[in-house]
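Hi everyone, thanks for coming. Let me put the structure up on the screen, and then we'll walk through a couple of spots together.

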Protein chains: 2
Amino acid sequence: MDNSPDVHICEVAPRDGLQNLDVIVPTGAKCELISAIVAAGVSEVDAGSFVPATVVPQFGDVGAVVAHALTHKSTTIGAVVPNVKGAERALAAGVNSMYFVISASETHNRANVRRTIEEQLEAFRVVRARINAQKAPERPHLVGAVATAFGCSMEGDVSEAAVCRLVQGFAEAGADEIGLADTVGYGTPTQVKRIVRAVRNETGPKMMLRLHLHDTLGAGLANVVAGLEADVRRFDAAVSGLGGCPFAPGARGNIVTEDLVFMLERMGLSTGIDLDRLMATREILARHVEQKHLTGHLHEAGIPRVLRRVA
Amino acid sequence: MDNSPDVHICEVAPRDGLQNLDVIVPTGAKCELISAIVAAGVSEVDAGSFVPATVVPQFGDVGAVVAHALTHKSTTIGAVVPNVKGAERALAAGVNSMYFVISASETHNRANVRRTIEEQLEAFRVVRARINAQKAPERPHLVGAVATAFGCSMEGDVSEAAVCRLVQGFAEAGADEIGLADTVGYGTPTQVKRIVRAVRNETGPKMMLRLHLHDTLGAGLANVVAGLEADVRRFDAAVSGLGGCPFAPGARGNIVTEDLVFMLERMGLSTGIDLDRLMATREILARHVEQKHLTGHLHEAGIPRVLRRVA
């Protein structure tokens, strides 16, 4: 009997949620946040990014945070790796999953990692080889993450062809999963369905696929539903809607995990997540993060008492 | 050649948006708001409610506001009528459309209008007769609006059977259109599709149908997309997401017209609305309404410059 939930949610607040804040959250608070997320039943956590601390000071303590996160044995602990060096550090740290990010938009990719898409794909191939050199039980899951898959704050629309080309590059280089990220939150439901179907057509139906959505323009949960209708069952989200992108001025955060869980469960799709415990993570964030960064409809309205029995 | 937009939007801020505020907005500002909405290209405006001023003081000036609204000849000007007396006043005022509201939840209906559903349906039949007694060109369009069609803050879930029973009552009494209202914003996309299909099954495919959605729990635009997929093309929305319900504590407002228009146009569905002009209505509201009541992703993020050519 399969006890896995209908929808798999990866909590990204500890990484995507924190990376653009102008305050450094103390290591202890990051660890407390991750423990609280795990305690709520979330089965995958993006715990940080193995970028140089000189580039993103927030992740100067990523080693310590990931080490703490990995004490939670039942949860998949992942991290973003922007290059080979980062992947080597992540491997040494023992992460269970790696998210290697390349933008479908050449301009965004250059701004983000100062390399061309092809140079990044070459780095991805090296990372794949490094992982393959590990003993099988120690090989982390490798996600090829396509940033700006639904639009770019610099280029505007990103073509389906550009997304599919990058997906093909990831797939040929041995990605275990493809992630499609609406980095700046410009996606629409029709577009999400269209791109997901085109990508599936490229990779074949067996490739794992996740969506990483932002709620910049209000269509975040509508895009989730579009993803569900295109048979995606893996989504990234951030508690309290933390997050943003340094190259997307004004962009709101990731879709709100609390609102996502509530909607999915009300739609009859299990997530394996305890909503009350998830809601309680806000207290940890509120001690370190400005109120203006903390969003979420459910936090504002409260879980309606009359709906409690189904939540 | 049919120049009508793909999606018809009725702007409800002047009525649903204002009815729960604790400030009385001056008559001049209401008229200015309606003129600005009309100038943006909105083709239907819910201009107010013909309730006694003793019950909702905000609408003490509804006659004057509707008289001003009706100077905009190209726009359908409607009003809520809660009873026969209200309908007679609306008829005398010369409205183009009437929204007669009955809750599918008996408890909510009693709280809202202090009558049973059956008593309200009897009043609706009288209103139908009053309208039929007018000369044909002066007969307003009569919408039978089902409140709490997707959940109730008092009863919780509302059964599909209760919604369909009320819809049948409206249809048999001669409603020109059925409105399904997620008064408290508890609806989910799967539920919206299910209820819309059940209602269509009840009325037959020729009955006009509109959705009135609130964004209490974050699924507002997702519910719009569900409605689109169930072939609904008529939606209520409020600029700056104004609105709420006195019997739904903590409830957020209506879906945000600006965000709705932006998403629909990006999806390739025309609305006939000029988004910049629509955005400008916030200035009028901001002079009279507290900032906390004004929401909207697009207002927060700004219309992305790179997407301007498609917006």
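How many bridges join β7(B) to strand β8 of chain B? Two bridges join them, and the strands, β8 covering residues 234–237, run parallel. Before I go on: this is a predicted model, where local features need pLDDT of at least 70, side-chain atom pairs count only at pLDDT 80 or more, and totals for chains, interfaces and linings use all residues. Residues are numbered from 1 along each chain as written, chains are lettered from A and ligands numbered from 1 in the order written, and side-chain values use heavy atoms, leaving out hydrogens and water.

Strands pair if DSSP finds at least two bridges between them.

On to β7(B) itself, residues 208–213: five of its six residues are buried, meaning under 20% relative accessible area with a 1.4 Å probe, protein chains only. β7(B) also pairs with strand β6 of chain B, residues 177–182, in the parallel sense over six bridges. There, Asp182(B) is partnered with Leu213(B).

With the strands pointing away from the viewer, the path from the first strand over the helix to the second runs clockwise. From β7(B), the chain crosses through helix α9 (residues 220–229) of chain B to β8(B), and this crossover is right-handed.

Conventions
Buried means under 20% relative accessible area, exposed over 50%, partly exposed in between (1.4 Å probe, protein chains only). Helices (H or I, at least four residues) and strands (E, at least two) are DSSP runs, numbered from the N terminus.
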